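This report goes through selected contacts in the structure shown below. Please keep the sequence and the 3D view at hand while reading.

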Amino acid sequence: MSTKTTTTLTVALDTSDLAAAALHRAVLASLPQRFLITEKQSEGADIAVISGRDPSWIDRVVAAVDAGSKGILLAAPTAVDPAQIRHLAIRFAGQAIVAVDARFAADPTWAAARAEIATGARTASLVDSMVTVEDATEDALFGGLVEQLAVLRPLFESFDHLTCVHHSPRQLAVVGNSGAVAVSLTASAPSVSGCSLRLDVVSSVRRWQAHFADDALARPTEITVYDGTGARSRPWLYASAHRTTWLQLHAAITEEASVFHYSVADLATDLELAHRVFAGSATPSHIRNWGSDSK
Amino acid sequence: MSKPLGVGIIGAGPVTQAIHLPTLSTLNDRLRVVHIMDVNAEVGASVARRSDARSSADVQTLLDDPAVEVVAICSPGQFHAGQVEAATAAGKRAILCEKPLATTVQEAQLIADVSTKTGVPVVVGAMHVYDPAFVAVQQSWGDLPNTAALVRVAAYLTHNDEMVDLATELVAAPPAPGSPPDLASPQVRASMVRAGVLGLATHNLPLVRHFLSAVDEVLAAEFVSPFGYQLTFRSGNRIAQLLALMPGQWRPDWSLRVWGREVELQVQFPPSYVLAGSATAELIRATSRSSWRYAHNGYQAEWLHLADVAEGKSELAIGVQTAVDDLLYALALADGADALILGKQS
């Protein structure tokens with residue numbers, strides 16, 4: 001039981017995206033002291049959930065902030081335009097907090113392991129990532145690519161020759177390098193075993209395996225390192241990236257502690273990168289140096 | 001119970017010592033090693049002593065031995081065609097030919113032709129093809145071969161020597177490696193990937209061929225240091241991805257995964273050499289999971305099948321022409337990878 005006085009923030013869900021609304025209603029049920037869902041639309045709510053799937057999402061963000069919302073949770077973020085995201089971050093700096101709902105990159109188990117894996121990844125031989133997404137649509141496959149970049153990009157300083165080598169209605173395959181590390185990213189849809197992201201970071205000395213399963217809200221992400229001494233797994237944490245992001249958004253609004261595992265700037269960078277890879281499937285994309293705003 | 005079939009083995013190298021002799025020791029009621037031939041007479045004699053078998057230093061002596069009823073050809077690939085031809089001419093009841101079946105298409109076709117002409121069955125060494133779990137799961141995978149959209153094989157393996165040391169006490173250690181390869185050279189990288197395709201990926205390509213019938217286009221090919229590859233190829237709109245790295249100091253992980261419309265297949269193979277049982281095969285449907293796992297591994301199943309075929313108890317499950325086609329498939333992949341790495345293809 002929490003003894004500390006906690007500020008309760010009201011939340012207006014996005015009823016234009018029923019899947020996102022249902023998801024966040026369930027997530028917020030685990031944080032009843034911090035958040036209270038209001039059935040009023042964004043006007044007057046402390047936080048507005050806005051789905052990136054709605055073409056007018058940016059106007060709705062503006063309207064919500066103008067109406068007094070202190071925070072925005074951008075759901076389904078892979079559907080948005082990166083330029084608009086950057087514009088949004090600048091426009092609302094100091095006025096409202098914009099959080100990104102990233103189901104894999106913001107995962108708390110991953111966030112805790114990321115620095116260690118990044119150290120190993122730079123001397124790895126092979127990094128292989130595979131995501132299964134909900135639908136056999138171009139948007140879903142593109143979203144899967146963005147989600148993989150969101151997980152992988154913090155591991156590397158740059159990618160070289162990241163190239164889409166296959167793009168069909170059901171698959172997307174991207175290969176490239178980061179220095180001497182061979183990188184493979186695959187998105188596939190749909191899967192009978194549910195949405196998930198599997199990542200292998202393999203060097204001769206150590207092999208990391210991460211499995212993010214999104215078939216249930218609090219399915220633990222499994223991260224295991226294998227080496228000559230055996231295998232060690234990160235503790236299982238029955239908490240989703242969604243819940244973690246809500247906690248961080250609460251802290252950002254009430255304590256001015258803005259430490260998101262995955263930021264708006266990260267999203268903009270990953271979207272730009274994904275668009276370049278996606279658009280340039282015939283010619284190699286030479287992508288280097290993320291720039292200072294990626295962290 | 002009938003008398004065990006007499007086995008003659010051509011080539012007494014690590015594969016014979018670490019795979020076939022330990023495997024045959026578990027099937028002693030069906031197959032018994034009676035003769036081992038190696039060009040190094042001393043090695044051949046030492047290895048033969050372990051099985052209380054005769055030894056010789058030339059193929060014809062082994063083939064002339066009337067106790068040899070079935071022949072295992074475990075020599076380097078370039079000798080396979082001639083030795084299969086000689087064994088069929090000697091009237092042996094069945095032949096096990098280790099992979100690769102041959103080093104050229106012509107040699108492979110010669111093997112198929114002599115087997116057909118003489119009626120002597122040839123089983124091609126392919127442990128994953130004969131793996132009991134993989135064989136069993138095929139009965140339940142329904143239309144997966146028609147609906148598979150993506151196939152992935154990952155082979156993250158330890159050093160072969162580690163497994164060999166666990167499987168046997170090797171007579172005559174392999175020669176020390178030469179100078180390290182110049183990996184800056186595309187030719188060297190291409191030749192390493194070719195070696196990976198024909199030496200390692202070849203275990204799984206016949207399995208992949210269930211789902212991607214042809215290598216239409218190699219989309220990506222890269223050598224992965226210290227030894228491995230990253231390969232993507234296409235058959236129509238379906239893709240296969242092959243990833244490998246060895247040696248690693250970690251637990252080996254050798255898997256095949258296939259994504260179909262209503263079912264997914266996951267197969268986890270044990271490493272080569274050791275008698276670690278079959279793979280674990282799992283079929284995943286929306287509301288159920290079924291799995292298969294057996295005590296015997298693919299080598300044991302392969303030898304038992306050979307014994308059944310030699311004794312007329314069973315028809316050859318996988319014809320030699322299928323093995324030739326498997327080789328052509330592997331060569332198409334290796335050639336496509338060559339072209340990509342050497343920049344012959346835009």
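Predicted model: local features only at pLDDT ≥ 70, side-chain atom pairs only at ≥ 80, totals over all residues.

A:Arg53 forms a salt bridge with A:Asp17, and their closest N and O atoms are 2.5 Å apart. The two residues are 36 residues apart and sit in distant parts of the chain: A:Asp17 is in the loop between strand E1 (9-12) and helix H1 (18-28), and A:Arg53 is in the loop between E3 and H2. A:Asp17 has a relative accessible area of 7%, so this residue is buried.

Side chains of opposite charge can pair when their charged atoms come close.

## Other salt bridges

Over all chains, the structure holds 27 salt bridges. One of them joins A:Arg234 to A:Glu116, with 3.2 Å between the closest N and O atoms. This pair also links distant parts of the chain, 118 residues apart: A:Arg234 lies in the loop between strand E13 (230-233) and helix H6 (241-254), while A:Glu116 belongs to helix H4 (residues 108-121). A:Arg234 is partly exposed at 28% relative accessible area, and A:Glu116 is partly exposed at 35%.

A further salt bridge is formed by A:Arg219 and A:Asp215, whose closest N and O atoms are 2.7 Å apart. The relative accessible area is 41% for A:Arg219, which is partly exposed, and 40% for A:Asp215, which is partly exposed.

## Two buried aspartates

A:Asp54 lies in the loop between strand E3 (47-51) and helix H2 (57-66) of chain A. With a relative accessibility of 16%, A:Asp54 counts as buried, because the limit is under 20%. Its side chain is joined to that of A:Arg60 by a polar contact of 2.8 Å. Apart from neighbours within four places in sequence, A:Asp54 is in contact with A:Ser16 and A:Arg60.

In chain B, B:Asp326 is found in helix H12 (residues 320-341). B:Asp326 is buried, at 16% relative accessible area. A polar contact of 2.7 Å connects its side chain with the side chain of B:Arg209. Setting aside neighbours within four places in sequence, B:Asp326 is in contact with B:Pro206 and B:Arg209.

## Where the chains meet

The contact takes 38 residues from chain B and 35 residues from chain A. About 2,800 Å² is buried between the two chains, with carbon and sulfur atoms giving 53% of this area. There are two salt bridges between chain B and chain A. B:Arg152 forms a salt bridge with A:Asp128, with the closest N and O atoms 2.2 Å apart. The residues on the side of chain B that touches chain A divide into 18 nonpolar, nine polar and eleven charged.

B:Pro226 is in the loop between E8 and E9 of chain B and is partly exposed, with a relative accessible area of 35%. Residues up to four places away in sequence not counted, B:Pro226 touches A:Ser125 and A:Ser204 as well as B:Met192, B:Leu245, B:Met246 and B:Pro247.

## The nonpolar cores

The largest nonpolar core has 87 residues, of which B:Phe233, B:Leu242, B:Leu256, B:Leu265 and B:Trp303 touch the most other members. A second, separate core of 69 residues includes A:Trp57, A:Ala140, A:Trp208 and A:Val225.

Conventions: Residues numbered from 1 in each chain as written. Chains lettered and ligands numbered in written order. Heavy atoms only, no water. Contact = heavy atoms within 4.5 Å. Buried area = accessible area lost by both parts, 1.4 Å probe. Salt bridge = Lys/Arg side-chain N within 4 Å of Asp/Glu carboxyl O. Nonpolar A, V, L, I, M, F, W, Y, C, P; charged D, E, K, R; others polar. Core = buried A, V, L, I, M, F, W, Y, C linked by side-chain atoms within 4.5 Å. Buried < 20%, exposed > 50% of the residue type's maximum accessible area, 1.4 Å probe, protein only. Helix = DSSP H or I, 4+ residues; strand = E, 2+ residues; numbered from the N terminus. Polar contact = N/O pair within 3.5 Å; in protein donor to acceptor, adjacent residues only side chain to side chain.
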